[in-house]
Amino acid sequence: MDIADLQRRLRDFAAARDWDPYLTPKNLAMALVVESAELVEIFQWKTAEESRQLSPEEHQHLGEEIADVLMYLLQIADRAGIDVPAAVDRKIAMNAKKYPAPTA
């Protein structure tokens, strides 16, 4: 996955529709929360086992909602000047220190 290319495509998509004035980090974060709720809704009232066995329609819907969440995250990062791969690498390293793997 080429994150920079995805961010460019999302910028181009927004620019072609004159959406740039509305795509502030604040507005994008709010939209992300809405999309995250739609993602959670797919699993609402399902057992843990049911959540692993989605119907083909639910599975497709899940992919669409994951894509929405990812696109909003990438747009927030793009507009806020966050280097996503560097941020992820840094956070994984921080988590490894905070939650070390048990030793045998």
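What radius of gyration does the chain of 104 residues have, and what value would a compact globule have? The chain has 17 Å, whereas a compact globule of 104 residues would have a radius near 13 Å. The radius is taken over C-alpha atoms, and the globule rule is 2.2 Å times the number of residues to the power 0.38. The model is a predicted one, in which local features need pLDDT of at least 70, side-chain atom pairs count only at pLDDT 80 or more, and totals for chains, interfaces and linings use all residues. Residues are numbered from 1 along each chain as its sequence is written, and side-chain values use heavy atoms, with hydrogens and water left out.

Along the principal axes, the C-alpha atoms fill a box of roughly 50 × 40 × 25 Å. The secondary structure consists of five helices and zero strands, in the order α-α-α-α-α from the N terminus. These elements are DSSP runs numbered from the N terminus, with helices being H or I of at least four residues and strands E of at least two.

Of the 104 residues, 16% count as buried. Buried means under 20% relative accessible area, exposed means over 50%, and partly exposed lies in between, with a 1.4 Å probe and protein chains only. Among contacts (heavy atoms within 4.5 Å) between residues at least 6 apart in sequence, 71% join residues at least 24 apart.

The chain carries 12 positive and 18 negative side chains, and the centres of the two sets lie 9 Å apart. Lys and Arg count as positive and Asp and Glu as negative, while His and the chain ends are not counted. Each charge is placed at NZ of Lys, CZ of Arg, CG of Asp or CD of Glu.

In the loop between α1 (3–16) and α2 (25–43) lies D18, a residue other than glycine with a positive phi of about 55 degrees. D18 is exposed, at 59% relative accessibility. The loop between α2 and α3 (48–51) holds W45, whose phi is also positive, near 75 degrees, although W45 is not a glycine. W45 is exposed, with a relative accessible area of 79%.

The whole structure contains one aromatic pair. F13 and W19 form this pair, which is edge-to-face, with 5.6 Å between centres and 70 degrees between planes. Rings of Phe, Tyr and Trp (its six-membered ring) pair if their centres lie within 6.5 Å; planes under 30 degrees apart count as stacked, over 60 as edge-to-face and the rest as tilted. F13 is partly exposed at 41% relative accessibility, and W19 is partly exposed at 38%.
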